Amino acid sequence: MPTRSFCDVTLDELEALRPPGSAKHLLGRLHRVTRWVQDARTGERGPEMGKELRTFVEERFHFRLPEIVARNPSGDGATKLLLKLDDGATVETVHMPRAVKNPRVTLCISSQVGCAMGCTFCRTAEMGLVRSLRPDEIVGQVLATMLALGPDDPGRVSLVFMGMGEPLHASAIDNVKRAIEIMCEESGLGLAPMRITVSTSGLVPGIESLAKSKSRPCLALSLNATTDEARARIMPVTKRHGLDELRAALLAYPVRPHEKITVEYVLLAGVNDTRADAERIAAFSSGYRSVVNVIPWNAYPTGDFVRPEDDAASAFVTMLHELGCLVTVRRSRGQDVGGACGQLATDATRTKAPKKLAVVPG
Ligand code: SAH
Ligand code: SF4
């Protein structure tokens with residue numbers, strides 16, 4: 001049985017293997033047909049593929065995807081999926097169709113089993129870091145979700161790396177970059193980098209590396225506090241990369257004509273919601289094209305914060321508007337099934353004691 005996944009091969013790599021009759025258009029077609037892993041699932045044969053080429057590929061690659069072991073539909077149309085990876089570890093993915101009029105679907109995907117960053121308001125942090133996902137597991141997560149819940153057309157998919165894990169962690173970033181590159185290949189899924197957003201807690205070397213990647217996605221930074229001191233209390237990563245360094249990294253991040261950098265701000269009642277905070281958010285998010293995304297904190301049983309009242313959240317948003325920020329409020333989806341931002345954690349590892357914050361080189 002081949003050990004390499006077809007979810008982890010680029011067209012160039014496939015061509016370099018010199019399959020029989022390996023004209024690029026033929027391999028492109030193979031890539032396209034198998035992107036649905038139809039062959040593996042239904043035994044369907046792609047058109048004009050030729051048995052020789054097919055056999056060559058099947059001898060070298062397997063077509064297994066992460067297994068969906070639970071589906072949790074929310075009352076708001078989102079569905080939280082639990083996916084089992086080949087070593088038994090599990091991650092969560094959230095499928096969020098937009099309004100009926102707009103047929104797009106946003107998939108909130110995981111980059112790691114658990115997370116090493118130790119943010120005090122986030123449930124995933126309690127798991128510690130178990131491991132990062134391989135590129136084929138990231139691509140497979142997207143394919144398995146699309147096969148189960150749609151859409152069929154990858155042109156209608158947006159991806160946000162806002163599930164479990166820190167996608168720019170040293171052990172994750174290369175896999176995340178490669179998975180994005182594979183998913184953006186025209187002959188494969190053909191996703192647009194503009195429709196992919198990578199959210200980070202603020203690992204500057206990772207932001208710099210992402211900026212240089214071939215299929216550069218959009219960037220979101222989880223700001224969440226407005227002074228180094230306050231931020232270090234809830235996001236230990238601040239001790240490594242302070243706010244000045246972070247802002248400099250955002251100023252240097254290349255953006256396309258209509259692209260903005262998202263500055264996420266989890267609103268914690270009584271912790272980070274003063275007028276002075278709003279003023280500092282406005283200053284932090286100036287000088288580059290940005291949009292501030294306010295996320296009222298989502299509660300979970302062991303979480304020790306208070307979700308702001310709707311009125312208080314609205315007042316904070318109004319303040320930001322008045323200070324000149326472009327602001328959106330995240331209506332976190334899937335709250336009733338524990339699928340909203342910061343609520344993700346999987347049972348398989350929930351009993352483990354949180355690990356210490358791993359020190360990332362650089
Ligand atoms: N590790 C990355 C991406 C995953 S977290 C990051 O931190 O950016 C995705 C978003 O959820 C981040 O903006 C994070 O600040 C936010 N978040 C974490 N816990 C939350 C909670 N309990 N309620 C609301 N948002 C939360
Ligand atoms: Fe990790 Fe992001 Fe949660 Fe922080 S907020 S612990 S970086 S997943």
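**Exercise 1. What volume does the largest pocket have, and which residues line it?**

*Solution.* This is a predicted model, in which local features need pLDDT of at least 70, side-chain atom pairs count only at pLDDT 80 or more, and totals for chains, interfaces and linings use all residues; side-chain values use heavy atoms, without hydrogens and water. Residues are numbered from 1 along each chain as its sequence is written, while chains are lettered from A and ligands numbered from 1 in the order in which they are written.

Step 1. Begin with the term: on a 1 Å grid over the protein atoms alone, a pocket is an open set of points with protein on both sides within 12 Å along at least five of seven lines, whereas a cavity is a set where a 1.4 Å probe fits but cannot get out; lining residues have an atom within 4 Å of a point.

Step 2. The volume of the largest pocket is about 930 Å³, a volume being the space filled by probe spheres set on grid points that are joined across faces, edges and corners.

Step 3. The lining comprises 32 residues, and R98, T106, V160, M162 and R330 are the closest to the pocket's centre.

Step 4. At least two lining residues come from each of β5 (90-97), β6 (105-108), β9 (157-161), β10, β13 and β14 (327-329); strands are DSSP runs of E of at least two residues, helices are runs of H or I of at least four, and both are numbered from the N terminus.

Step 5. By class, the pocket lining has 15 nonpolar, ten polar and seven charged residues. Here Ala, Val, Leu, Ile, Met, Phe, Trp, Tyr, Cys and Pro count as nonpolar, Asp, Glu, Lys and Arg as charged, and the others, Gly among them, as polar.

**Exercise 2. Describe the largest cavity and the ligands that sit in it.**

*Solution.* Step 1. There are two cavities of 30 Å³ or more, and the largest has a volume of about 480 Å³.

Step 1. Its lining consists of 31 residues, with F121, C122, M162, G163 and S222 nearest the centre. The elements giving two or more residues to this lining are β10, β12 and β13 (290-296).

Step 2. The residues around ligand 2 (one heavy atom within 4 Å) are C115, M117, C119, F121, C122, A125, G165, E166 and S201.

**Exercise 3. Which residues lie closest to ligand 1, and which polar contacts does the ligand have?**

*Solution.* Step 1. Ligand 1 is surrounded by 20 residues, the closest being G165, S199, S222, W297 and N298. This shell divides into nine nonpolar, nine polar and two charged residues, and β10 (196-200) and β12 (261-267) each supply at least two of its members.

Step 1. Look for polar contacts, meaning pairs of N or O atoms within 3.5 Å. A backbone N or O atom of G165 is 2.9 Å from a nitrogen atom of ligand 1. Oxygen atoms of the ligand take part in two further pairs: a polar side-chain atom of S199 lies 2.6 Å from one, and a polar side-chain atom of E264 lies 3.1 Å from one.

Step 2. Taken alone, ligand 1 exposes 530 Å², of which the protein buries 96% (Shrake-Rupley method, 1.4 Å probe).

**Exercise 4. Where are P151 and N224 found, and what marks their backbone?**

*Solution.* Step 1. Most residues other than glycine have a negative phi, and most peptide bonds are trans.

Step 1. The bond from G150 to P151 is cis, with omega near 0°; P151 belongs to the loop between α5 (135-149) and β9.

Step 2. N224 is not a glycine, yet has a positive phi of about 70°. Its place is in the loop between β11 (218-222) and α8 (228-234).

Key:
A polar contact is a pair of N or O atoms within 3.5 Å; within protein, one must be able to donate a hydrogen and the other to accept it, and residues adjacent in sequence count only if both atoms are side-chain atoms. A molecule sits in a cavity or pocket if more than half of its atoms lie within 2 Å of its grid points.
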